[in-house]
Amino acid sequence: MEQATQGANAIRAYYEALATGSLLASVCLDCGGHTFPPTGCCEHCGSWKVELQPISGEATLLYATHNITPACHPRFEKIAPYVYGHLRLKEGPVVQAIVLGVEPTPQQLQRLFDRGPLPARAETLRMDDLPVLAFRIIA
Ligand SMILES: [Zn+2]
């Protein structure tokens, strides 16, 4: 039960930080690995000795595509169509997130592919309910 509470607290803290434009990760006190989004335990070694720490929000865009089917949650219908991709955080974890500032067209996605991998920085998309993690290419 204590472990479930630790996980729920990490998720709550993640969204509260994201709402203010900051990112939190779980950092393992045993192996030093970062888990993002944060959870109650380390995704690298399974340890429950983790603490929440702010991370840089700096990342590298590895891959991007766009949605061609309706979004899986109604709140995303407001911003669809959009580009999303896989980004490697400076701290190590790879995350999937919305990519801002890129038109969701085959031509723009091809330009991204030709230029990549590209540096990006985290931003917060403010929604009616929970904030959403997004990244903007900075080069
Ligand atoms: Zn660990």
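Aspartate 128 sits out in the open, exposed at a relative accessible area of 70% (buried is under 20%, exposed over 50%, partly exposed in between, with a 1.4 Å probe and protein chains only). The model is a predicted one, so local features need pLDDT of at least 70 and side-chain atom pairs count only at pLDDT 80 or more, while totals for chains, interfaces and linings use all residues. Residues are numbered from 1 along each chain as its sequence is written, and side-chain values use heavy atoms, with hydrogens and water left out.

The partner of aspartate 128 is lysine 78, and the two form a salt bridge with their closest N and O atoms 2.1 Å apart (a salt bridge being a side-chain nitrogen of Lys or Arg within 4 Å of a carboxyl oxygen of Asp or Glu). Lysine 78 lies in the loop between H2 and strand E5 (83-89) and aspartate 128 in the loop between E7 and E8, so the pair ties together parts 50 residues apart in sequence. Helices (H or I, at least four residues) and strands (E, at least two) are DSSP runs, numbered from the N terminus. Lysine 78 is exposed too, at 61%.

In total, the structure holds three salt bridges. Arginine 75 is buried, with a relative accessible area of 19%, whereas aspartate 129 is partly exposed at 44%.

Glutamate 123 and arginine 136 make up a further salt bridge, their closest N and O atoms being 2.6 Å apart.

The zinc ion is held by the SG atoms of Cys28, Cys31, Cys42 and Cys45, at 2.3 to 2.4 Å (donors are N, O and S atoms within 2.8 Å of the metal, or 3.2 Å for Na, K and Ca; water is not among the atoms, so sites may look incomplete). Angles among the four donor atoms run from 104 to 119°, which makes the site tetrahedral (for four donors, all angles between 85 and 135 degrees). Along the sequence, the donor residues follow the spacing C-x2-C-x10-C-x2-C. Cysteine 28 in strand E1 (residues 23-28) and cysteine 42 in the loop between strand E2 (34-35) and strand E3 (50-55) link distant parts of the chain, 14 residues apart. Cysteine 28 is buried at 4% relative accessible area, and cysteine 42 is buried at 3%.

Key. Tetrahedral: all angles 85-135°; square planar, octahedral: opposite > 155°, others 65-115°.
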